[in-house]
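Please look through the structure below with this report at hand. It covers selected helices, strands and residues in turn.

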Amino acid sequence: MYDSIVKNISYSGDDEQVLSILYERITGIFPEAVVRMPGAGSNRRYYRLSGVFDVVGVSSEDLSENNTFIYLAKDFYAKGLPVPKVLASSDSGAHYLVEDLGDVSLFDYIYRGRERGEWNDEIIDMLKKTIAALTDFQWCGIAGLDINRLPVPQMDYVSVTWDLNYFKYCFLLPSGVKYNETLLEKQFDRLATALLEVKSDVFMYRDFQSRNVMIKDGTPWFIDFQGGRRGPCYYDVASFLWQAKASYPDRLREELITAYLDSAKRYADIDRAEFRRHLDDFVLFRLLQVLGAYGYRGNFERKSHFVQSIPYALENIKGLVPRIESRYGYLCQLLLDVADTPRYRKVEPADRLTVKVASFGYKRHGIPSDISGNGGGFVFDCRALHNPGRYDEYKNLSGRDSEVIEFLETKSDIIAFVDEACRMVDRSVSVYRERGFTDLMVSFGCTGGQHRSVYCADRLARYIRKAYPDVRVELTHFERGIKETFNPRLPHRQ
């Protein structure tokens, strides 16, 4: 590897220009190619620069995050921890270059296990290497580290309650599940007390999960540790083993906990029974934190990867509940209620086209997210149609009641509106079937998601079922809490 030192420059230009100049400063020539890499969960932009050797360029307007990463990466690298070497940074702090660790993440490496349940010895060995290396980061990483240079120096009551409120406002509130504020806050206070009563003396990586581990030459390397702080050792174990889409079976989790504790013996005397007793509190806390992040990134920023992860995180919650409900009964019940809503039920892969038809209220949940990850589809705004909800006699009825149906069909233009929607959707359904696509989402929204949108969604669902008997139709009325599935009506085989 080219042995360069960090060089600082001041330059104003687009990402490729600034990163190319940084590359030229450490190699003597400009890169042969600068290629944008696929984005991850953050708003950072990544580029691969090729030439004398390959490096990864990073661009982000979050200067505090950039400075924290560079500080930690240099410190960890000097301690011999497996992190990418920082090669150059700009004076502004908005751009920097790091060693290229390749394209294979641990998440990719364990594909056969998480997707097919094939947890072979090779995969398990790599997972054990990874969780054993965590102890090096936790105990060596904290040694001599100036935690006051970190945006959040340590896990404390303020940071814990921030994460709990992140869950409440970015996930629980948008879910539509009703909750008692007082009871919920009492549960939060109990959880915070349990978390903060344990020793807080290691570097807490915070986002220690398989997407932040790269596999290079058969060895795990580590990235995205800039959210770290001083904290308890339990959090990172919970973060790694209960990652939503990693899908580790319980027996494997136990193996990996043992591997972690065996490795930690080099640094601390940990009582194994006590470790397991405290771990569940941190698993709950971590799952609440990631649900808050999924809610914000998925529901507000409309990033499908996060929305797809929600049902998996809720499945982890279901497995955890029997072990914690005696202490967090009210919170557990809320989480189970959320898991049972149509919005967050796990979607299984389809072998034929499924058309997801939905009604929603703009004032409540807003436009539904497409958890298939395909995006696109149609959203029809019904609010220009005459609203029966303005009249007292219809307020407690829905678009499925005969009185409301008669009102809409005689006192609004809803029939013409739905006919036009059907024609538009019909063209897509026809093409999707021919091309072997598996998902199409069509949503109708009105003010409250009760009258006009419900009527339109029902009409379109009936139309698709009649016109395309081989298509699966999922009909969801989000504000009414109704989900109906109509499987394909295939020809009878003799």
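## Helix α1

Helix α1 covers residues 15-27, which makes 13 residues. From its first C-alpha to its last, α1 reaches 18 Å, close to the 18 Å expected at 1.5 Å a residue. This is a predicted model, and the values here are computed from it. The buried residues of α1 are D15, V18, L19, S20, I21, L22, Y23, I26 and T27. An α-helix has 3.6 residues a turn, so residues three or four places apart point the same way. G28 follows α1. The phi of G28 is positive, near 90°.

Strand β3 (residues 45-50) is mostly covered. Five of the six residues of β3 are buried.

| Pair | Sense | Bridges | Bridge partners |
|---|---|---|---|
| β3 and β4 (residues 55-59) | antiparallel | five bridges | Y47 and G57 |

β3 and β4 form a hairpin, with four residues between them.

## The five-stranded sheet

Which strands make up the open sheet, and in what order? Five strands form it, in the order β12-β13-β11-β14-β15. The pairing is mixed. β12 (378-381) and β15 (482-486) stand at the edges. Each has a single partner strand, so one side of each is left without a neighbour in the sheet. From one strand to the next, the twist averages 10°.

Within this sheet, strand β11 (residues 354-361) pairs with strand β13 (residues 439-446) in the parallel sense. Eight bridges join β11 and β13. V355 has L440 as its bridge partner in β13. Strands of a sheet pair through backbone hydrogen bonds, either parallel or antiparallel.

Helix α15 (residues 452-467) lies across β11, β13, β14 (472-477) and β15. α15 runs at about 170° to β14.

## Helices α6 and α12

Helix α6 (residues 157-175) and helix α12 (residues 329-339) have axes that come within 10 Å. The axes cross at roughly 55°. α6 and α12 are therefore oblique to each other. Their crossing is left-handed. On the α6 side, the contact is made by F167, F171, L172 and S175. On the α12 side, it is made by L331, L334, L335 and V338.

Take L331, which sits in helix α12. Is L331 buried or exposed? At 0% relative accessibility, L331 counts as buried, because the cut-off for buried is under 20%. Leaving aside neighbours within four places in sequence, L331 is in contact with F167, L184, Q187, F188, L284 and L288. L331 and E181 are 150 residues apart in sequence. Their C-alpha atoms are 11 Å apart in space.

## L385 in a loop

L385 lies in the loop between β12 and α13 (402-411). With a relative accessible area of 10%, L385 is buried. Which residues does L385 touch, not counting those up to four places away in sequence? They are D413, I414, F417 and R452. L385 and R190 are 195 residues apart along the chain. Their C-alpha atoms are separated by 49 Å.

Notes:
Residues are numbered from 1 along each chain as its sequence is written. This is a predicted model: local features need pLDDT of at least 70, side-chain atom pairs count only at pLDDT 80 or more; totals for chains, interfaces and linings use all residues. Side-chain values use heavy atoms; hydrogens and water are left out. Two strands pair if DSSP finds at least two bridges between them. Helices (H or I, at least four residues) and strands (E, at least two) are DSSP runs, numbered from the N terminus. Axes are lines fitted to C-alpha atoms, for helices over the stretch in contact, and angles run from 0 to 180 degrees between N-to-C directions. Contact means heavy atoms within 4.5 Å. The expected span of a helix is 1.5 Å times one less than its number of residues. Buried means under 20% relative accessible area, exposed over 50%, partly exposed in between (1.4 Å probe, protein chains only). Angles under 35 degrees count as roughly parallel, over 145 as roughly antiparallel, 65 to 115 as roughly perpendicular and the rest as oblique. A crossing is left-handed if the near helix is turned anticlockwise from the far one by less than a right angle, and right-handed if clockwise.
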